[in-house]
Amino acid sequence: MNAKKTPELYVHRLSEKGRHERLEADNRLIACEKVNGGMAGITLVVTAHDGQGTSRQAARRLPTDQEAILDEIRGREGAVEILVDSVTWSGTLGGLLAALRDRANRRIIVHLGDGRVGGPNDRQMVALGYRRLKAETPLYEFNIESYKDTPDWLNSRNWANPELWGKYRW
C-alpha cells in the first residue's frame, strides 16, 4: 500500500532580533507588518525542517509540542503572525491553526507560502474561519472581535414579537 507520509512540521519562534533582520528581506513578514500595524506579539515560522543551526531557539515539532506553543502564546500580548514556508497542507497544520483560532483568543495573521484564490489551501483556510485579506496575496486573518457580523434579526425588537401579543397563548 502506497500511503503518503505526512511531512513533519516544525515551528520556530522568531526573536525580536531575528524578526527585525527578517523584516528587511522577507516580503511575507512585510505584508503581515502592514496589516498588523507593527504590533506583533509573537511571530512563528512553520517549516518542514527543524532548522538545526539556523536558530538559537530549538524548533518545536508538531503536533507533539502544540500545547507548549499555545502556552507560550497565551503569555504574550499582541497579535500572532504565522509564516508558512512552502508546506503542503496537512492535518497537522490545520490542527495548529484551528487550535490557535479556538484557544489563543486574539488576532491571528497567517501568510501561506503559496496560494491562490480558490486553491485548496485557500478553501482550507476559509473553512477554518480565516478570512482572506488580499486577493493577490495569500494573507489570512482571524480576529475574534470581527469574526461574525451581527445579523439584522438579532435585536430586542424582533425577539419579543409585540405584534403577536394577545393573539396566541404559548
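Predicted model: local features only at pLDDT ≥ 70, side-chain atom pairs only at ≥ 80, totals over all residues.
Let me start with α3, which covers residues 66-74 and has Gln66 in it. The buried residues of this helix are Gln66, Ile69, Leu70 and Ile73, and because they fall within an arc of 95 degrees when one looks down the axis of α3, they line one face of the helix. Gln66 counts as buried because its relative accessibility is 13%, under the 20% cut-off, and, leaving aside residues up to four places away in sequence, Gln66 touches Arg61, Gly95, Leu96 and Ala99.

That brings me to helix α4, residues 91-103, which packs with α3 at an angle of about 35 degrees, the two axes being 11 Å apart, in a crossing that is right-handed. On the α3 side the contact involves Gln66, Glu67, Leu70, Ile73 and Arg74, which meet Gly95, Leu96, Ala99, Leu100 and Arg103 of α4, and these residues divide into five nonpolar, two polar and three charged.

Turning to salt bridges, the count comes to seven. One of them pairs Glu72 with Arg13, with the closest N and O atoms 2.3 Å apart, and it links distant parts of the chain, since Glu72 is in α3 and Arg13 is in strand β1, 59 residues apart. Glu72 counts as partly exposed at 24% relative accessibility, and Arg13 is likewise partly exposed at 22%.

Another salt bridge joins Glu81 and Arg19, with the closest N and O atoms 2.9 Å apart; Glu81 lies in strand β4 and Arg19 in helix α1, so this pair ties together parts that are 62 residues apart in sequence. Both Glu81 and Arg19 are buried.

Terms used: Residues numbered from 1 in each chain as written. Heavy atoms only, no water. Helix = DSSP H or I, 4+ residues; strand = E, 2+ residues; numbered from the N terminus. Buried < 20%, exposed > 50% of the residue type's maximum accessible area, 1.4 Å probe, protein only. Contact = heavy atoms within 4.5 Å. Arc of directions from axis to C-beta. Axes fitted to C-alpha atoms, helices over the stretch in contact; angles between N-to-C directions. Left-handed = near helix turned anticlockwise from the far one by under 90°. Nonpolar A, V, L, I, M, F, W, Y, C, P; charged D, E, K, R; others polar. Salt bridge = Lys/Arg side-chain N within 4 Å of Asp/Glu carboxyl O.
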